[in-house]
Amino acid sequence: PLRNLVVIMNGDIVDCEAVYPSQAVDHIAVPIIDQIFSVGLPAFTGFMYGCLENFETVTAYCQRGNHGRQNAAKWSSSKSTNWDFVFYKALETMVRNDRVEWNIDVRDWKSTFWIERIGFLACHGDMIKRYYNLPFYGMTRQAQRWCNAYRNKIKLQHFLFGHFHSSGMLRFNDVVIHTNGSFVTDDPYAEEHLGVASVPEQTIMGVHPTYGVSWRYVLNLK
C-alpha cells in the first residue's frame, strides 16, 4: 500500500500579466486574482483533500516560477514577491490538517529533501541555460554542479524541473533529471519563440526504500 504522498508544486501556477511584452493584452484569459481565488484555490483545495482520502500523510514542497514574478518591478522588489507564493500561502490556509505538511520557503529558489533516503532537488528550472534552444546540456551541467555544491548536506540523486512544458527523463551517470508537463494546452509565446507545444500532462512516480524511484507514469490530463 502507498501510505505517504509527496506533492511537488514547481511554480508557474499563476500566470502574471507582464512576463513578456503584450501578454496582458493578447494572452491573459483570466486576471491574476481570479486565477488564484476563482479557479486555482477551489481546484487545488479539492485535489489536496482528495489526496487525504487516499493517503495517510501528504507533504507539499512549493517553489516559485518565473511566470509568477513581477517583472516590471524586478529591480525594486524581492524575489519572494511572486504570485505563486501568494497562491501557496492561500492554499495552505485553506487546507489545514494535521496530516498535511507544507514546505513554503519564500526566501529560497529550491527545495531539497529526502524521500525514503533518496535525495531530491526541486525547482522551477528557469535558471537552466539553453544551447541551440535545447535544455539538456544545461540541465546535466547544473545538476552535477548542485550535487557538488550540496554534497555536505544531502546526496542528490533526482532533480525535478518544471518550466519546459513537457514531461521527460534524462539519466547522467547516477543522476536522474525529471521534467514535468503543463496544465495548459495552448501557450502562443512558447509555440512562437521556443517551438514548444504545451501538452497537458503531469508526472507521478513511486519511491521504494531500497530501490529508489522504481516506477514512473506520465498522466495525460486531456
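Begin by selecting Arg-117, which, leaving aside its neighbours within four places in sequence, is in contact with Gln-157 and Pro-209. Bear in mind throughout that this is a predicted model. The C-alpha atoms of Arg-117 and Pro-209 are separated by 6.9 Å, although the two residues are 92 residues apart along the chain. Arg-117 has its place in the loop between S4 and S5, and because its relative accessible area is 61%, it counts as exposed, a word kept here for values over 50%.

S4 and strand S5 (residues 118-123) run antiparallel and are joined by six bridges.

Now widen the selection to the whole sheet, which is open, has five strands in the order S4-S5-S6-S8-S7, and shows mixed pairing. At its edges lie strand S4 (110-115) and strand S7 (168-172), each of which pairs on one side only. If you look at how the strands are set against each other, neighbouring strands of this sheet are turned by 20 degrees on average, direction ignored.

Move on to S8 and its two partners. On one side, strand S6 (residues 156-161) runs parallel to S8, with four bridges joining them, and here Phe-159 has Ile-177 as its bridge partner. S7, in turn, pairs with S8 in the antiparallel sense over five bridges, and in this pairing the bridge partner of Gly-168 is Thr-179 in S8. Between S7 and S8, select the hairpin, which has two residues between the strands and in which Asn-173 takes a positive phi near 55 degrees.

Stay with S8 and show its side chains: which of them point one way, and which the other? Val-175, Ile-177 and Thr-179 point one way, whereas Val-176 and His-178 point the other way, and all are buried. In a regular strand the side chains alternate between the two faces of the sheet. S8 is accordingly described as mostly covered, with five of its five residues buried.

Finally, follow the chain out of S8 and select Phe-183, found in the loop between strand S8 (175-179) and helix H5 (188-194). Phe-183 is partly exposed, because its relative accessible area of 48% falls between the 20% and 50% limits.

Methods
Residues numbered from 1 in each chain as written. Predicted model: local features only at pLDDT ≥ 70, side-chain atom pairs only at ≥ 80, totals over all residues. Heavy atoms only, no water. Buried < 20%, exposed > 50% of the residue type's maximum accessible area, 1.4 Å probe, protein only. Pairing = 2+ DSSP bridges. Axes fitted to C-alpha atoms, helices over the stretch in contact; angles between N-to-C directions. Contact = heavy atoms within 4.5 Å.
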